[in-house]
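Student: I have not looked at this structure before. Please show me how to read it, one feature at a time.

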Amino acid sequence: MPVSFLSEAERRRFNSFPTGLSTDDLIAFFTLSEQDLRQIPKTTAASNRLGFALRILLLRFLGFHITDLTSVPAEVIDYVASQVGAKDAKIEHYAERGATRTVHQRTIEKYLGFRLPTERDLQSTGEWLLERALEHDRPVLLLQLLCERFLAERLVRPGFSVVERMVATARNEAEEEIFRRVESIIDEALAVEMDNLLQPDEPSHPTPLASLRQSATSNSPKTILTGLNKLAKLKKWQVGNWNLAAVNPNRRKQLAQIGFRSTAQALSRMNKTRRYPILLAFLSQL
């Protein structure tokens, strides 16, 4: 499973200031408190006071440090500048010495109670994310939940490559865990039967999977016979006795939907840890 699952536009959205900030949001999230104002260095250039104030508000709001403060909307910069007496300051002159930026970041993290995640933090967060991946498989949703988790725990969100890798790892581990939970159902005979569903009996003929997907459109003898044959197959495989309770209901539904819409060729290319749970969920919905 590829680590990079976002488009460039989606990656920019997660790494930059959100668009469409309302006036109410501007006031709610970018008004400095008296305590905030006391943290701002007094004996420093106006641009550095402005940059420091922006970094306080941005870390609290986003949970990560925006590298380029010039990308912050002008109305936000102007609103913050008016609060720190830096209306004429140019944000592009902020922290012209790289060391200043680093000192500011560490000072602000300490003030806000944020800290850089340790290996143990990343491990525990990864375990938390695995539980979410056992409920949902959509990578962008998992990414959003992960970013919110870092913010709630006051952990500075790590580099985006780390975050994407955590999501990809959680999805892989969830796939393996779901297979482990249903593996006892899949004996050798059933595995052969499910694989045979993906192969046509004759070239150019539909696969048995396609036949199972077809719903009755009439009450003709042929249609009734097809339905009875389908029912006989399901009884033979003892579908009604399968216990899929160990798989989250939402995930069972997602897996079944994949089984309904994926081509036989696509399913046959999947490894067994993904293919068999999908087919089990699909068949259990028939």
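Student: Which helix gives the most to the lining of the largest pocket?

Tutor: Keep in mind that this is a predicted model. To read a pocket, look at which elements supply its lining. Here helix 8 gives the most, with five residues. Helix 1 (8-15) and helix 4 (46-62) are also among the helices that supply at least two residues each.

Student: How many residues line the largest pocket, and which lie nearest its centre?

Tutor: The lining has 16 residues, and R13, F14, L62, F64 and Q144 lie nearest the centre. By type, the lining divides into nine nonpolar, four polar and three charged residues. The space in this pocket is about 350 Å³.

Student: Next, the nonpolar core. Which residues touch the most other members of the largest one?

Tutor: Those are L143, W237 and L283, in a core of 52 residues. Several helices each supply at least two residues of this core, including helix 7 (119-133), helix 8 (139-152) and helix 15 (272-284). The largest share, nine residues, comes from helix 9. Leaving aside its neighbours within four places in sequence, L283 is in contact with M194, L197, L212, L234, W237, V239 and W242. Another core, of 33 residues, lies apart from the largest one, and L59, V76, V80 and F114 are among its members.

Student: Why can charged side chains pair?

Tutor: Side chains of opposite charge can pair because their charged atoms come close. In this model the count comes to 14 salt bridges. One of them joins R11 and E8, at 3.0 Å from N to O. Both residues lie in helix 1, three residues apart, about one turn of the helix.

Student: Is R11 buried or exposed?

Tutor: R11 has a relative accessible area of 15%, so it counts as buried, the cut-off being under 20%. Now compare the two partners of another salt bridge, R115 and D121, at 2.4 Å from N to O. R115 is partly exposed, at 41%, whereas D121 is buried, at 11%.

Student: Which residues are linked in a network of salt bridges?

Tutor: The network links D137, R171, E175, R251 and R274.

Note on methods:
Residues are numbered from 1 along each chain as its sequence is written. This is a predicted model: local features need pLDDT of at least 70, side-chain atom pairs count only at pLDDT 80 or more; totals for chains, interfaces and linings use all residues. Side-chain values use heavy atoms; hydrogens and water are left out. A nonpolar core is a set of buried Ala, Val, Leu, Ile, Met, Phe, Trp, Tyr and Cys residues joined through side-chain atoms within 4.5 Å. Buried means under 20% relative accessible area, exposed over 50%, partly exposed in between (1.4 Å probe, protein chains only). Helices (H or I, at least four residues) and strands (E, at least two) are DSSP runs, numbered from the N terminus. Contact means heavy atoms within 4.5 Å. On a 1 Å grid over the protein atoms alone, a cavity is a set of points where a 1.4 Å probe fits but cannot get out, and a pocket is an open set with protein on both sides within 12 Å along at least five of seven lines; lining residues have an atom within 4 Å of a point. Grid points are joined across faces, edges and corners, and a volume is the space filled by probe spheres set on the points. Ala, Val, Leu, Ile, Met, Phe, Trp, Tyr, Cys and Pro count as nonpolar, Asp, Glu, Lys and Arg as charged, and the others, Gly among them, as polar. A salt bridge is a side-chain nitrogen of Lys or Arg within 4 Å of a carboxyl oxygen of Asp or Glu.
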